[in-house]
Amino acid sequence: MRFTSEQRLDDGVLEREFTLGEIPGTLWTPGSAAPAPLILMAHNNGLPKGESRLVARARHSAAYGYAVATIDATGCGDRPRSAADEQARAHLRRAMRAGEPVDEIFESFIGPLVEKAVPDWRTTLDALLALPEIGGRVGYSGWTAVGIRLAVVEPRIAAAGFFAGGYVPRAQREEAPQVTVPLLFLLQWDDEGNPRQRALDLFDAFGTEEKTLHANLGGHTGTPWFEVDDGNRFFGRHLK
């Protein structure tokens, strides 16, 4: 892992950009000297690591006392996408404009994106846990499809917070019963791109005995800011 830049924010949080092979990422660590528990934070459906809502969440959680890391996994953010991915995304945009069904189009590129992203996250986790400023348990926050797969294959994930607003491929819906870590699931009740019943069915399918559903009125990007604070308290119960 090679750090390429750093800046100290007003609240004492240290923000550093890094590269790990071909993986670009950002790490935020709190101002205290003690090793901090880690939260891996992923945005839905491959949006870039520098997306403003993700950065705001990450900085807030770091100020709360966590180390927070995000990456652009393969095919995500600014990393190159395959010609097939680009074609599928163009097809998706045309179908959405025409009001046509889009589930199979999502399957064609979100499924492979998840399969490629999870190894990058695990490689990043290996490197992060070797840093002296990170210690304790590991949480995951964000993109549900990647989070399901990561919680199933990565035993170091101790708790997870999922956002219900991204498409979850059939393979990950089938894996949901294998998710047994404590779970906080956020649902926007009026999310135009995420059928409510599908999200509720997914919540019901998770295998953990400790799961909480927070549903708020509003569309896809309308998650109330207080959910960030609630998420920090959730991770405090399971990571600290």
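A salt bridge, as the term is used in this tour, is a side-chain nitrogen of Lys or Arg within 4 Å of a carboxyl oxygen of Asp or Glu, and by this rule the count comes to 16 salt bridges. The structure is a predicted model, in which local features need pLDDT of at least 70 and side-chain atom pairs count only at pLDDT 80 or more, while totals for chains, interfaces and linings use all residues. Residues are numbered from 1 along each chain as its sequence is written, and side-chain values use heavy atoms, with hydrogens and water left out.

**Stop one: salt bridges**

Select Glu 22 and Arg 79, which form a salt bridge whose closest N and O atoms are 4.0 Å apart. The pair links distant parts of the chain, 57 residues apart, with Glu 22 in the loop between strand 2 (14-20) and strand 3 (23-29) and Arg 79 in the loop between strand 5 and helix 2 (83-98). Helices (H or I, at least four residues) and strands (E, at least two) are DSSP runs, numbered from the N terminus. Glu 22 counts as exposed at 69% relative accessibility, whereas Arg 79 counts as buried at 11%; buried means under 20% relative accessible area, exposed over 50% and partly exposed in between, with a 1.4 Å probe and protein chains only.

Next select Glu 104 and Arg 170, a salt bridge with its closest N and O atoms 2.9 Å apart. Because Glu 104 lies in helix 3 and Arg 170 in helix 5 (residues 170-175), the pair ties together parts that are 66 residues apart in sequence. Before moving on, select Arg 122, Asp 126, Glu 154 and Arg 156, which are linked in a network of salt bridges.

**Stop two: Asn 216**

Select Asn 216 in strand 9 (residues 211-216), where the residue is buried, with a relative accessible area of 14%. The side chain of Asn 216 makes a polar contact with the side chain of Glu 227 at 2.7 Å; a polar contact is a pair of N or O atoms within 3.5 Å, where within protein one must be able to donate a hydrogen and the other to accept it, and residues adjacent in sequence count only if both atoms are side-chain atoms.

**Stop three: helix 4**

Select residues 144-153, which make up helix 4, where seven of the ten residues are buried. Among the buried ones are Thr 144, Val 146, Ile 148 and Leu 150.

**Stop four: the largest cavity**

Select Ala 42, His 43, Leu 47, Ile 71 and Trp 121, which lie nearest the centre of the largest cavity among its 15 lining residues. On a 1 Å grid over the protein atoms alone, a cavity is a set of points where a 1.4 Å probe fits but cannot get out, a pocket is an open set with protein on both sides within 12 Å along at least five of seven lines, and lining residues have an atom within 4 Å of a point. Strand 4 (36-42), strand 5 (67-71) and helix 3 (103-128) each supply at least two residues of this lining.
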